[in-house]
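I opened my notebook beside the structure. Below are my entries on what I looked up.

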Amino acid sequence: GRLVQQQRQKIMEYYEKKEKQVELQRKIQRSNMQNQGRLQCLKARDEHVKSVLNEARSNLSKISADRNRYPPILKGLILQSLHYLIIKNLKYYYLFLQISHKQFNNSTSFFIFVFRVFFQLLEKQVLIRCRKNDAELVEQLLPECIEELQKAWGDTSQVVIDNDQYLSPENAGGVELLARNGKIRVSSTLESRLDLIADQIVPHIRTALFGPNPNRKFFD
């Protein structure tokens, strides 16, 4: 009877072990299916968001086609690009001034040096590249842009339209600025601006399409 009891106990332990293995496999399978479902859902959402951005990108050409709406937008893009060139130079000159400050014996000579550096912030020659069919409009807007630049910084740049190379006709609009023989390039096309803000607005697009995410606490 004792031997039978031992064998019975072994059989029970064997089947208990099998049941645990089966239950574990079920949990793993259930978890895998849930993860696959989540991934498919996220993929579908990403594709939907991309389709929204692609639709917005395809509608950019409508902006440049609107002759009442496009000129002020184009002017803003040109001005922002010119200001960006100055701000970009300002970062480098700020570091340069920090290093150079120790080399001056008095504040007067350093102030004169800073004054000279300030007027070097503006790029003296800037090449502006646009679509061929926008060249005439850009030429009309440039005097206003240069005048506003001079009011803001007390100096101006020589901005020339690149008549040798234009932006692609497939481009929706905007401009591209080049300085220092092409070493500095600032893209202010409509496509580049959309790409720039896409990362910032995607969370808001997701919220508008799918509702707020309870697990998301920050949007910055």
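**Entry 1: a pocket**

How much space lies in the second largest pocket? I read off about 160 Å³. I noted the terms before going on. On a 1 Å grid over the protein atoms alone, a pocket is an open set of points where a 1.4 Å probe fits, with protein on both sides within 12 Å along at least five of seven lines, and lining residues have an atom within 4 Å of a point. A volume is the space filled by probe spheres set on the points, which are joined across faces, edges and corners.

I also noted where the numbers come from. This is a predicted model, in which local features need pLDDT of at least 70 and side-chain atom pairs count only at pLDDT 80 or more, while totals for chains, interfaces and linings use all residues. Residues are numbered from 1 along each chain as its sequence is written, and side-chain values use heavy atoms, with hydrogens and water left out.

Next I listed the lining of the second largest pocket. Among its residues are Gln125, Val126, Leu127 and Arg129. Gln158, Val160, Leu178 and Ala179 line the pocket too. Strand 1 (125-130), strand 2 (158-161) and strand 3 (174-179) are the elements that give two or more residues to this lining. Strand 1 gives the most, with 4 residues. I sorted the lining residues by type and got 5 nonpolar, 4 polar and 2 charged. Here Ala, Val, Leu, Ile, Met, Phe, Trp, Tyr, Cys and Pro count as nonpolar, Asp, Glu, Lys and Arg as charged, and the others, Gly among them, as polar.

**Entry 2: the whole chain**

I counted 6 helices and 4 strands in the protein chain. Helices (H or I, at least four residues) and strands (E, at least two) are DSSP runs, numbered from the N terminus. From that end, the order is α-α-α-α-β-α-β-β-β-α. Of the 220 residues, 29% are buried. Buried means under 20% relative accessible area, exposed means over 50%, and partly exposed is in between (1.4 Å probe, protein chains only).

**Entry 3: how the strands pair**

Two strands pair if DSSP finds at least two bridges between them. Strand 1 and strand 2 run parallel and are joined by 4 bridges. Val126 stands opposite Val159 in strand 2. Strand 1 and strand 3 run antiparallel, with 5 bridges. Ile128 has Leu177 as its bridge partner in strand 3, and Leu127 has Leu178. Strand 3 also pairs with strand 4, antiparallel, over 6 bridges. Ala179 stands opposite Ile184 in strand 4. The two strands form a hairpin with 4 residues between them. Arg180, in the turn, has a positive phi of about 55 degrees.

**Entry 4: faces of the strands**

In a regular strand the side chains alternate between the two faces of the sheet. I checked strand 2. Val159 and Ile161 point to one face and are buried. Then I turned to strand 3. Gly174, Glu176 and Leu178 on one side are buried, and so are Val175, Leu177 and Ala179 on the other.

**Entry 5: a charged residue inside**

Is Glu176 buried or exposed? Glu176 counts as buried because its relative accessible area is 13%. Its side chain makes a polar contact of 2.9 Å with that of Arg185. A polar contact is a pair of N or O atoms within 3.5 Å; within protein, one must be able to donate a hydrogen and the other to accept it, and residues adjacent in sequence count only if both atoms are side-chain atoms. Arg185 sits in strand 4 (residues 184-189). Arg185 is partly exposed, at 45%. Between the C-alpha atoms of Arg185 and Ser81 I read 9.6 Å, though they are 104 residues apart in sequence.

**Entry 6: helix 6**

I ended on helix 6 (residues 190-210). This helix bends by about 50 degrees at Asp199. The bend is the angle between axes fitted to the seven residues ending at a residue and the seven starting there. Pro203 follows within four residues. The buried residues of helix 6 include Leu190, Glu191, Leu194 and Ala198. Just after the helix, Gly211 takes a positive phi of about 90 degrees.
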